[in-house]
Amino acid sequence: MHDTLFLFGATGDLAQRYLFPSLLRLLGDGLLPEDFRIRALALSGHDTEAFHDILRPRLQQAMPMASQEDIASLLRRIDYRSVDLRDVDSVAAAVSDLVDRRCVSYLAIPPGLYISTCEGLAKGGALAAPARLMLEKPIGSDSESAEEIITTIGQWIDEDRVFRLDHYLGKAAVQNLIALRFGNTLLEAVWNRNYIESVHILVAESEGVDGRDAYYARSGALRDMVQSHILQLLCMVAMEPPASLEADRIRDEKVKVLRALRPLDAKHADRDSVRGRYTAGSINGQPAQAYQPPEGSDVETFAGVTAHIDNWRWSGVPFHLVTGKRLPERTTRVVVTLKPVTHWLFERPQRAQAAPNRLVFQLQPQENIELGLMSSLAGPEWGALELQPLELELSVPTGLHRRIAYERLFLDAFNGNHTLFVRDDEVRAAWAWIDSVADAWKAANLPLEPYPAGQWGPANAVDFLPQGVDAPDSGASA
């Protein structure tokens, strides 16, 4: 197990809110080596003591149940270095004294700084085997920039020592999709185009762009969420059964799904996609300001795309992918709608009004599985059987010690397990499809549709949203 962490971007929100608290939990549970060390690196001109003074209250806020002893133990393992990530020599000097240890470098920094930082790490000896590298997604902002990052960094470190993170893959609920899909005969039997009508994947956020204006002005919802989290969920739902749970066997199947995605055509961009940007509104009775990007930015805060997977299993099954900011609630769900029964026997309801069977995987904020069936309700006044919807809900026990996604990802990277990380060909395939959507939007001049904060996107988003989410013009939550 590797015993030294170089954490770049140590003063940033990601590191302070999630990464250091995750390390605190792992340390408290005895899952890190006794001599584990962390070197925190960022541009700010602090010394180690000043950095501890900044980090200590953030740890106490994020982990109120943590003991002062555990917090003190973590802080003793952390020293701080100020570093200019655009200066290769500065990076090299900041790490060179620890490269005799088994090091993992974590880059919680913008992708535009990846190449210069990795060049510095290589110059300082921190990428030589058996050192490992952890990269936060997104890898670049399009196919061209992603290829430059992958190819350039590949000169200094082998692919089998690179760990690209999408933190969604560290969530237990997302990992459970694999267990549900491949561990149950009931689902295996119907998981194809013969029985499934459509699939909806929704990642909704009630928060706005706040605090990420510079990044978001360059990315937007398509590149920020669809390219990463939503495509990962799509792969989990759609991939073929891997030969084993070995990392590369799972990743092989995910790549096949991404390569089978049909590029979006500009002729169908208006039919198969929608993009919007939130205006002023309210969420839970609290006013929310409109998103005002920098002058000249055309980015969207809401994206809906109907994807088609051109392979035997999914031919003809639409996958409706939706994400947005300032929506009525924070939720992630996968809704699988099955086709109607072949022959309809019942007078009530009429076949066209019958609710289809639906399987709903609720991934956050709570983890739930819901199965919608039809059940009979008989009465002499009808003289016939009337079918009524019957909802079966299976609450998934989460336990008292639910782990932050980054805890699992840290442990896997320290131990060299690639299963929950993204391979280079997967990055390339994902960006190829995202670029097709962005290019279709540009060629079709697809407009940005406004929607008030607190509503479910623009008015024409209703065709992309799953059943049970109120129409966008109602302003109500699901």
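In which strand is leucine 321 placed? In this predicted model, leucine 321 belongs to strand β12. Its relative accessibility is 1%, so leucine 321 counts as buried. Beyond its neighbours within four places in sequence, leucine 321 is in contact with Ile201, Val226, Ile230, Leu231, Leu234, Ala303, Gly304, Val305, Ala307 and Trp433. Valine 199 is 122 residues away from leucine 321 along the chain, yet the C-alpha atoms of these two residues are separated by 8.5 Å.

Two of the contacts of leucine 321, Leu231 and Leu234, also take part in the packing of helix α9 with helix α10. The axes of α9 and α10 are 9 Å apart and cross at an angle of about 110°. Angles of 65 to 115 degrees count as roughly perpendicular, and the two helices are therefore roughly perpendicular to each other. On the side of α9 the contact is made by Leu231, Gln232, Leu234, Cys235 and Ala238, and on the side of α10 by Lys254, Val257 and Leu258. Sorted by class, this contact has 6 nonpolar, 1 polar and 1 charged residues.

Helix α10 covers residues 247–260. From its first C-alpha to its last, this helix of 14 residues reaches 21 Å, close to the 20 Å expected at 1.5 Å a residue. The buried residues in α10 are Ala247, Ile250, Arg251, Glu253, Lys254, Val255, Val257, Leu258 and Ala260. These buried residues pack against α9 (213–238), β11 (302–308) and α13.

Helix α2, residues 48–62, has 15 residues. The distance from its first C-alpha to its last is 21 Å, close to the 21 Å expected at 1.5 Å a residue. At the N-terminal end, α2 is capped by aspartate 47, which has a side-chain oxygen 3.3 Å from the backbone nitrogen of glutamate 49. Buried in α2 are Phe51, His52, Leu55 and Leu59. An α-helix has 3.6 residues a turn, so residues three or four places apart point the same way. The buried residues of α2 pack against α1 (13–28), β2 (37–42), α3 (68–76) and β3 (78–82).

In helix α6, which spans residues 143–153, the buried residues are Ser145, Ala146, Ile149, Ile150, Thr152 and Ile153. Their cover includes α5 (114–123), β5 (132–136), β6 (162–165) and α13 (424–444). Two cis peptide bonds were found in loops next to these elements. One runs from alanine 129 to proline 130, with omega near 10°, and proline 130 lies in the loop between α5 and β5. The other joins lysine 137 and proline 138, with omega about 5°; proline 138 is placed in the loop between β5 and α6.

Positive phi values were also found in loops. Arginine 326, a residue other than glycine, has a phi near 55° and sits in the loop between β12 (318–324) and β13 (331–338). Is arginine 326 buried or exposed? Its relative accessible area is 15%, and buried means under 20%, so arginine 326 is buried. Asparagine 445, likewise not a glycine, has a positive phi of about 50°. Asparagine 445 is found in the loop between α13 and β17 (449–452). Exposed means over 50%; asparagine 445 therefore counts as exposed, at 62% relative accessibility.

Notes
Residues are numbered from 1 along each chain as its sequence is written. This is a predicted model: local features need pLDDT of at least 70, side-chain atom pairs count only at pLDDT 80 or more; totals for chains, interfaces and linings use all residues. Side-chain values use heavy atoms; hydrogens and water are left out. Buried means under 20% relative accessible area, exposed over 50%, partly exposed in between (1.4 Å probe, protein chains only). Helices (H or I, at least four residues) and strands (E, at least two) are DSSP runs, numbered from the N terminus. Contact means heavy atoms within 4.5 Å. The expected span of a helix is 1.5 Å times one less than its number of residues. A polar contact is a pair of N or O atoms within 3.5 Å; within protein, one must be able to donate a hydrogen and the other to accept it, and residues adjacent in sequence count only if both atoms are side-chain atoms. Axes are lines fitted to C-alpha atoms, for helices over the stretch in contact, and angles run from 0 to 180 degrees between N-to-C directions. Angles under 35 degrees count as roughly parallel, over 145 as roughly antiparallel, 65 to 115 as roughly perpendicular and the rest as oblique. Ala, Val, Leu, Ile, Met, Phe, Trp, Tyr, Cys and Pro count as nonpolar, Asp, Glu, Lys and Arg as charged, and the others, Gly among them, as polar.
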